[in-house]
Number of protein chains: 2
Amino acid sequence: MFDPGMPPNEKTVSRLSEFGLIERLVSVFDRNFRPEGEPLDGLALVLGNGDDAAAWEGPAGATVFTCDAMVDGSHFDLSYSTPADVGWRSMVSCQSDIAAMGFHPTYSTVSLGLTGTESPDLLDDLYTGMAQACSRFGGRVVGGDVVRSGTMFISVAMVGAASHGVGETAARPMTRSGAKPGDVIALTGPLGGSAGGLKLLMSGPVPGGPSGQGATLVQAHRRPEPAVTTGVWLAANGVACASDISDGLTADLGRVCRASGAAAVIRLAEVPVEPALRAVFPNDWVDLALGGGEGYQLLFTASAEVVEAARAAYPAITPIGKVVAGEPQVTVLDENDEQVKPGITGFEHFST
Amino acid sequence: MFDPGMPPNEKTVSRLSEFGLIERLVSVFDRNFRPEGEPLDGLALVLGNGDDAAAWEGPAGATVFTCDAMVDGSHFDLSYSTPADVGWRSMVSCQSDIAAMGFHPTYSTVSLGLTGTESPDLLDDLYTGMAQACSRFGGRVVGGDVVRSGTMFISVAMVGAASHGVGETAARPMTRSGAKPGDVIALTGPLGGSAGGLKLLMSGPVPGGPSGQGATLVQAHRRPEPAVTTGVWLAANGVACASDISDGLTADLGRVCRASGAAAVIRLAEVPVEPALRAVFPNDWVDLALGGGEGYQLLFTASAEVVEAARAAYPAITPIGKVVAGEPQVTVLDENDEQVKPGITGFEHFST
């Protein structure tokens, strides 16, 4: 319910109590939460927001747990994303981590840092976007914390379950360390859409307005889609190694190589690229596809037979190379078997 | 392990990669983690930090989930708390939420917002303090995220389990809504130490130096102790209603009244107060004891018989009043049965 103490002409959140604000926001979430997938029948929520902690009852099995924070000016910019887009992306970044384990997103908490100048409408839109992402890809916001901060931030923590809890076999989580020489490396879909969209947004008004190929890229940035269904299928069908692509293909595949003690050789010509990206950025598309993050496709490695079976179930799955024995590194070959050196090698927040 | 790419004379974290930094910090945690209580044998960690998410295997039963964020300048101040104190308090605030449910803290993720000017030593100390609190009161940091932010923040999310997973009966979580007219209201220990310590620290050098009654209060602020053991005992022995005192007795008891649809009458003379508080603040001790937060005692309500049994097990437990029928409100009576109106009514971050 809305905080009854809030005056109707409230312009900023600074006069709301912390408890009133959380109650309001979780209620906005609940009103906009219309789950499309299977319900979490085996993980019944006992207590939602409003107590010291949320609580649920669940079956035995594996649980996964991740967190991701987004900071105003660094991970989002309200001058070219709507608050609902930011809310959507804050959930997707954790849903994608859980998809990369092959699990179902279940419950989330949100710590929100506010300067106090935000309007209640902005925050309602933020939580509406969160509810849209959870309705579509699973999970639910069950608690939170609001604090005053000089910089606005959104910190999401999310728990995931191996199954919905009713009659499914619990899968083992897929890890970054499971790649073996001889494995095929594959992607769940095309790269570069989100990075291209961000580049367009940062450079000013989008050419072609709300339609056209620029708009396709912008939409990929504003509303990325985590590969939850595909990830769950992969884990259930014997894939042991996966990672999401949150920091760029070369960066995330490099981490898989280091964790697995193996090398990767991929062929640029095989890497699926968002078609609009080549059209809009004829000179930069290679860097954007190999180095761009936040598209949230998964990369995984498995035997050729398992990759073929996965591809039969999810036709967007595309093999791009092989795991080979050797020092951990990623080699990208062009059509002449020569090494490509992309200018962007993945986003690392604390690099120089 | 330490990030091999870090130069030995590194003065700030800004040249570390995000992955190198998280790896370093979780390794600092692990080196300083020496669990004192029962191990979480039934909740075996399958994957710690370093993958898309952490993972563990657990038995069927209830899970609780909470989060709390602390922001530099608002929730902590490194000019009068050490980084290890701040790390300790960041864990305790979640451990206390889980204690208030009657559960055991199990696993945590930490989202860290850094300006980039922090020294690696400061961050090592922060995670050492986290490890000390987890060693003492349970739980473990299993993942995290580091982002750049104009304001430093620490956002902790924590999961708790009803039992250690081996041969214990899973308790039902205690809630704020379980208070019934006729229940006795009790506290797990004395109030006001942390608030008194903070007031001393904010007013300059602590009188009496590192010893004496001022030092007792300062220690209570820097190293508060969550009532985990007591909380677990209460839930296992039939207490249905509890809350931690994170925002002050009157504020947190007020929430219990609203959630339960009942009123509370407490007697000031019965409220246990940290002895050093009365000595150091002869004029302000009532406001500090009733309104001061972050002391992390629990308040709970139960039948007189259950409270007596609890008191036999934990002698610091003290009855302070009764739940009565009526509109939700907290009445504090003095020795003449007259109403006390404390100046401080609890900390609400977004109030005017």
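How many residues does the contact take from chain A and from chain B? The contact takes 66 residues from each of chain A and chain B, where two residues are in contact if their C-beta atoms, placed from the backbone, lie within 7 Å. This is a predicted model, in which local features need pLDDT of at least 70, side-chain atom pairs count only at pLDDT 80 or more, and totals for chains, interfaces and linings use all residues. Residues are numbered from 1 along each chain as its sequence is written, while chains are lettered from A and ligands numbered from 1 in the order in which they are written.

The side of chain A that touches chain B divides as follows, with Ala, Val, Leu, Ile, Met, Phe, Trp, Tyr, Cys and Pro counted as nonpolar, Asp, Glu, Lys and Arg as charged, and the others, Gly among them, as polar.

| Class | Residues of chain A |
|---|---|
| Nonpolar | 29 residues |
| Polar | 25 residues |

Strand 2 (residues 54-58) of chain A pairs with strand 3 (residues 61-71) of chain B in the antiparallel sense over five bridges, pairing being assigned if DSSP finds at least two bridges between two strands. A:Glu57 stands opposite B:Ala62 in strand 3 of chain B.

How values were computed: Helices (H or I, at least four residues) and strands (E, at least two) are DSSP runs, numbered from the N terminus.
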